[in-house]
Amino acid sequence: MSSRRGEKCRFANTTAERQTEVDLVRDYYSEQSLFEWWTRHPYRRDMVAKYSPYLAGLESELGRTLTIVEVGSAVGADVTLLAERFPTAKVIGFDLSPEGVLTSARLAAGEFFVSDAERPALVDNCCDVVLIVNVLHHFYRYPDQVLDEINRILRPGGLMFLKDPNAGKINPRLVVNITSRAMRFVHWWTRTLRRPMFDMEIPPASPTERGMRYEEVRDLLGARFDLVDRRFVDGLTHMARWHAFPQWPLRLLDKAIHFVDPRSLVFYSFVCRSRKPRAELSSWWQCDPSQTSSSRSSD
Ligand SMILES: C[S@@+](CC[C@H](N)C(=O)[O-])C[C@H]1O[C@@H](n2cnc3c(N)ncnc32)[C@H](O)[C@@H]1O
């Protein structure tokens, strides 16, 4: 598949434009380098470590191993890191990008398939945990559908982990550009010092994304789930910590951006619990998550 990186894309309003957007998304998240970059990035490992106590708690509460589904799993980095910590868990990921799914099938731990998060091919109440990391901003125009689907596949009492960049007042594309340029500079710096964390180029920003504001996401989640934990994670300063890079230039950049808008370049992270009544659950243990939901009347 030819790379269309850097191609300009208007936000889609028509079906044809939406198709262009879908093609760009599929094409963009297809590379092995993303798997290596993301599984080795301590920032990501740190995030998975923060989620793990919740998973361990749920596992001991249920008294059995967990079924974990990642929505928008890309190349499967997060589920691979989770599978390292919970080797007995059943781990499933799906993504719109077939090449991302092929990469994860080859490199990552778990089972992977191509599906659209708006209509995931999974039956109701099929998993204990849903992970949706850096994906919600793909649905900034219609987040309800995706969150309803997650609620549908999650068993009563199940957990959802959601992390995403916050949309500040500063133009999100500008923020993404600043971030990716700053990270390129960090990368150049670490290579020059012959202390590279990663021997690869940092992927540029995808052309089809737009962040959502924390308050909006909080209300959307609160309407469906119990909010167990919510917090902000600083963007640049936090990432620089892991690169043997002096923090002050990025901290200054963070501060300058936060001066204009305290919430730009910040990620929000939510831990949510399904509040579906347990009575709905008749025989979930018989349910095979990889079975498709073709019988669903809503389709
Ligand atoms: C920024 S990446 C994040 C990937 C991964 N969760 C991570 O944090 O490494 C966003 C992912 O969402 C996927 N995606 C976008 N729209 C999607 C959709 N409608 N259904 C499923 N996946 C989608 C993209 O293909 C991409 O892999």
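**View 1. The largest nonpolar core of the predicted model comprises 53 residues.** Such a core is a set of buried Ala, Val, Leu, Ile, Met, Phe, Trp, Tyr and Cys residues joined through C-beta atoms within 7 Å; a residue is buried if 20 or more other C-beta atoms, placed from the backbone, lie within 10 Å of its own. Ile-68, Val-130, Ile-132, Ile-150 and Met-160 have the most contacts inside this core. Strand β4 (residues 127–133) contributes the largest share, six residues; strands (E, at least two residues) and helices (H or I, at least four) are DSSP runs, numbered from the N terminus. Residues are numbered from 1 along each chain as its sequence is written. In this predicted model, local features need pLDDT of at least 70 and side-chain atom pairs count only at pLDDT 80 or more, whereas totals for chains, interfaces and linings use all residues.

**View 2. Ile-150 is in contact with Val-71, Val-130, Ile-132 and Met-160, leaving aside its neighbours within four places in sequence.** Contact denotes C-beta atoms, placed from the backbone, within 7 Å.

**View 3. Strand β1 (residues 67–71) is mostly covered, with five of its five residues buried.** Thr-67, Val-69 and Val-71 point one way from β1, and Ile-68 and Glu-70 the other way.

**View 4. Strand β1 runs parallel to strand β2 (residues 90–95), joined by five bridges, and pairs in the parallel sense with β4 over three bridges.** Pairing requires at least two bridges found by DSSP between two strands. Val-69 stands opposite Ile-92 in β2, while the bridge partner of Val-69 in β4 is Val-130.

Note on methods
A residue is buried if 20 or more other C-beta atoms lie within 10 Å of its own, exposed if 12 or fewer, and partly exposed in between; C-beta atoms are placed from the backbone. Two residues are in contact if their C-beta atoms, placed from the backbone, lie within 7 Å.
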